[in-house]
Amino acid sequence: MLSRPVFVYTELSPNPNSMKFVLNFELVPEGLSFDYPSLEAAMEEGKSSPLAADLFQFPHVQRVFIASNFITISKSEDIAWEEVLRDTKQFIKIYFEENHPVFFQETIDKNTLIVDARDSDTIQKIKAALDQYVRPAVESDGGAINFHSFNEDTGTVKVLLQGSCSGCPSSTLTLKAGIENLLTRMVPDVKEVVAEGV
């Protein structure tokens, strides 16, 4: 069996403890992303990832985020990227050259994006704006910002920060100056955007 050529390159992210490892092929179906803050999360039924679980075997790996054609790895603060970058990159390259799976099929089946018909007009507009304007920009930095909930009474949108966005020093600025401005302009019912679980 011929194996595909595997190219891995790295990109810095705004979060100094996160590095984006970009591959030359898609890892995740369009619109999906998976955030693993721990080894336990990487083994959780319905969202398990053998790739993420294997990456947690490295002592410096604190969080693994997988989206589109990249993996964002967040490391512990007490180690420099120079000390671990080469080995981490080499591991990812060999992992894919040996055709190991990113996810179990069950994970993909359970997480395929479905538009929820119960969403109100406002929630549909919020999700569309996040998907169209926010997702591409944030993914380029190795993260994701996903819709969590909308409170109709207060006009508050809650979003989940994933990948390099989680724990990033500039995420609050991005959230307030960027996403809140965008959503309040595009969706008049939105008054505020806050991060869930930060």
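Reply: Let us begin with burial: a residue counts as buried when its relative accessible area is under 20%, and as exposed when that area is over 50%. In this model, which is predicted, buried residues make up 45% of the 198 residues in the protein.

Me: Which elements does the protein have, and in what order do they run from the N terminus on?

Reply: There are 6 helices and 8 strands, and from the N terminus on they run β-β-β-α-α-β-β-α-α-α-β-β-α-β.

Me: How many residues does the largest nonpolar core have, and which of them have the most contacts inside it?

Reply: In soluble globular proteins, nonpolar side chains tend to be buried together. Here the largest nonpolar core has 32 residues, and those with the most contacts inside it are Tyr36, Ile66, Ile71 and Phe96. Among the elements that give two or more residues to this core are strand E2 (18-23), strand E4 (61-67), E5 and H3, and the largest share, 5 residues, comes from H3.

Me: Is Phe70 buried or exposed?

Reply: Phe70, which lies in strand E5, has a relative accessible area of 1% and is therefore buried. Phe70 and Val28 are 42 residues apart in sequence, while their C-alpha atoms are 8.9 Å apart in space.

Me: Which residues gather in the patch of negative charge on the surface?

Reply: The patch is formed by Glu77, Asp78, Glu82 and Glu83. Asp78 is found in the loop between strand E5 (70-75) and helix H3 (81-97), and Asp78 counts as exposed because its relative accessibility is 70%, where the cut-off is over 50%.

Key. Residues are numbered from 1 along each chain as its sequence is written. This is a predicted model: local features need pLDDT of at least 70, side-chain atom pairs count only at pLDDT 80 or more; totals for chains, interfaces and linings use all residues. Side-chain values use heavy atoms; hydrogens and water are left out. Patches are made of residues with over 30% relative accessible area and no salt bridge: like charges are joined within 9 Å, nonpolar side chains (Val, Leu, Ile, Met, Phe, Trp, Tyr) within 5 Å. Accessible areas come from the Shrake-Rupley method with a 1.4 Å probe; for residues, only the protein chains shown count as cover. A salt bridge is a side-chain nitrogen of Lys or Arg within 4 Å of a carboxyl oxygen of Asp or Glu. Lys and Arg count as positive and Asp and Glu as negative; His and the chain ends are not counted. The place of a charge is taken as NZ of Lys, CZ of Arg, CG of Asp or CD of Glu. Helices (H or I, at least four residues) and strands (E, at least two) are DSSP runs, numbered from the N terminus. Buried means under 20% relative accessible area, exposed over 50%, partly exposed in between (1.4 Å probe, protein chains only). A nonpolar core is a set of buried Ala, Val, Leu, Ile, Met, Phe, Trp, Tyr and Cys residues joined through side-chain atoms within 4.5 Å.
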